Amino acid sequence: MNNEELLRKYNVPGPRYTSYPTVPYWETSPTQDEWIASVARSLTGEESPADSGMERQECGAAVYVHVPFCSHSCLYCGCNTRFTRDYKMAHGYVASVLKEWDLYLDLLAKKDARLARPKAVKLSELHVGGGTPTYLSPEDLKVLLGGIIDRCERDPQAEFSIEADPRVTKREHLQALRELGFTRLSLGIQDFDPQVQETVRRVQDEALVRGVTGTARELGYTSVNYDLIYGLPRQTLASVTDTIEAVRRLKPDRIAFYSYAHVPWIKPAHRRWSDADIPSGDAKRALYETGRRLLAEAGYREVGMDHFTLETDALWKSSREGKLHRNFMGYITRQVSPLIGLGVSSIGDSWNVFAQNEKVLEMYDSRLAKGELPLHRGHVLTAEDRVLRYHILKLMTRFETSWENPALRVPFMDTLAERLEELVNDGLVELTATGARITGAGRPFVRNVCMAFDARLVRKAPTTSLFSKAI
Ligand SMILES: C[S@@+](CC[C@H](N)C(=O)[O-])C[C@H]1O[C@@H](n2cnc3c(N)ncnc32)[C@H](O)[C@@H]1O
């Protein structure tokens, strides 16, 4: 079967596996106390991903902060955002998130004396996403992020990263963030073609992006990522080629090359395009294949699903050393647990428990005003979930997994061979009695392989649209 036929055969809707179980299958929300207890045990090392077979790593908490505000509405966007030109709202939000962080630190200290304030919690990762984090003024970023950092002990190897929209990101933002210790910047680019940019209402020319990238480098940021999307309206093979040409000229360290998730049932803005406007089927697959080939020619190595990096970037080194990890923030250079999510809609993960915050700002604020963590829903993992989570994570980060250790085998895996049969016959996976390995040809189909390990999906197929297609 040639590449095109394979892509056609396996292009089915499927999860992106930023978590297992995936969010639509969460069923047992933790109470606030259960969640805090699990985070505390994770911070003191009593509970760890190593209990489920993961490599043991010495580090502290990862914190994700969600800043939902945007001053522009980009039509393709599928993220949790809030459009507002009323800056007062953002100013109030800074105070709310700091209040949430204080509440966490108080509850953790109450739960375990070893986590007494000040500074008993070690901060190993800080990632700020959105929305548009640089919607906040440099002063407010300093208050918010400086406030989070100052209340912890900082791991000397801590990594801080932030997502930014080049149109609103000024030197003063980058300077303030650099002073706080940020070294990683992720720019939302999506496409460099002017026509595509007009169509998706995200106009930013190469000169602007060059300026922000150059300023970041000059200030000492060591890794600049560009987010690109394939499958947007009006994209053609020529526009993708031009986009990757621009990437070649600007040389970001990393690329995330996402499939456009068309979710009109969630995002009304997506309804303005008809199916005919959006590349699909063979046309969309050709955009992906072209982009992937051109990125390889430009020296970018594939490190996991949708992610590419230059060999000089830390993510490549981590991938070579088998340390690559994936969580709700995407791919990261090492496993850090627990992950605490701050801000509206953020997700936390203690390895054994997931917890997501309220998605609506007013609800988030009102829960905090009552002195509660603004938890909205979550999931306490079962023993089976933890084993399957291990395998799915290994496949997403190493393209292989093993269950030589009998503790890493659950009865659901007895029927794995049946579910993987076609992928094995098509040369995409190699399966033995104690392991599975995705071949080079199988890499674009990593999520199809993970779906064979997804007991919850196999037992209860979705009856409505939940996931976008693989390609
Ligand atoms: C959470 S957004 C926030 C980034 C930032 N506000 C910006 O756009 O500059 C992060 C990335 O998600 C990706 N993204 C957003 N909507 C998407 C969609 N519908 N399909 C695929 N990727 C999408 C984009 O590549 C975007 O840069």
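A residue counts as buried if 20 or more other C-beta atoms lie within 10 Å of its own. In this predicted model, Tyr17 has 21 other C-beta atoms within 10 Å and is therefore buried. Tyr17 belongs to the loop between α1 and α2, and its phi is positive, near 50°, although Tyr17 is a residue other than glycine. Arg234, in the loop between β7 and α8, is likewise not a glycine and has a positive phi of about 70°. With 17 other C-beta atoms within 10 Å, however, Arg234 is partly exposed. Most residues other than glycine have a negative phi, and most peptide bonds are trans.

| Cis peptide bond | Omega |
|---|---|
| Tyr20 and Pro21 | about -10° |
| Ser337 and Pro338 | about 5° |

**Strands and ligand**

Strand β4 runs parallel to β5 (residues 153–164), to which six bridges join it, and Glu125 stands opposite Glu159 in β5. On β5 and β6, four bridges hold a parallel pairing, in which Ala164 has Leu187 of β6 as its bridge partner.

The ligand is surrounded by 17 residues, of which the closest are Gly78, Asp165, Gly188, Asp227 and Ala261. At least two residues of this shell come from each of β4 (122–130), β6 (184–190) and β7 (223–230). Sorted by class, the shell holds seven nonpolar, seven polar and three charged residues.

Helix α3 (residues 87–111) comprises 25 residues and reaches 37 Å from its first C-alpha to its last, which is close to the 36 Å expected at 1.5 Å a residue. Its buried residues are Ala90, Tyr93, Val94, Val97, Glu100, Trp101, Tyr104 and Leu108. An α-helix has 3.6 residues a turn, so residues three or four places apart point the same way. Among the elements that cover the buried residues of α3 are α2 (32–43), β1 (61–67), α4 (138–150) and α11 (361–369).

Ser239 lies in helix α8 (residues 237–250) and counts as buried because it has 20 C-beta neighbours inside 10 Å. Leaving aside residues up to four places away in sequence, Ser239 touches Asp191, Asp193 and Val196. Leu294 is 55 residues from Ser239 along the chain, and the C-alpha atoms of the two are separated by 12 Å.

Note on methods: Residues numbered from 1 in each chain as written. Predicted model: local features only at pLDDT ≥ 70, side-chain atom pairs only at ≥ 80, totals over all residues. Near = placed C-beta within 6 Å. Nonpolar A, V, L, I, M, F, W, Y, C, P; charged D, E, K, R; others polar. Buried ≥ 20, exposed ≤ 12 C-beta atoms within 10 Å, placed from the backbone. Contact = placed C-beta atoms within 7 Å. Expected span 1.5 Å × (residues − 1). Pairing = 2+ DSSP bridges.
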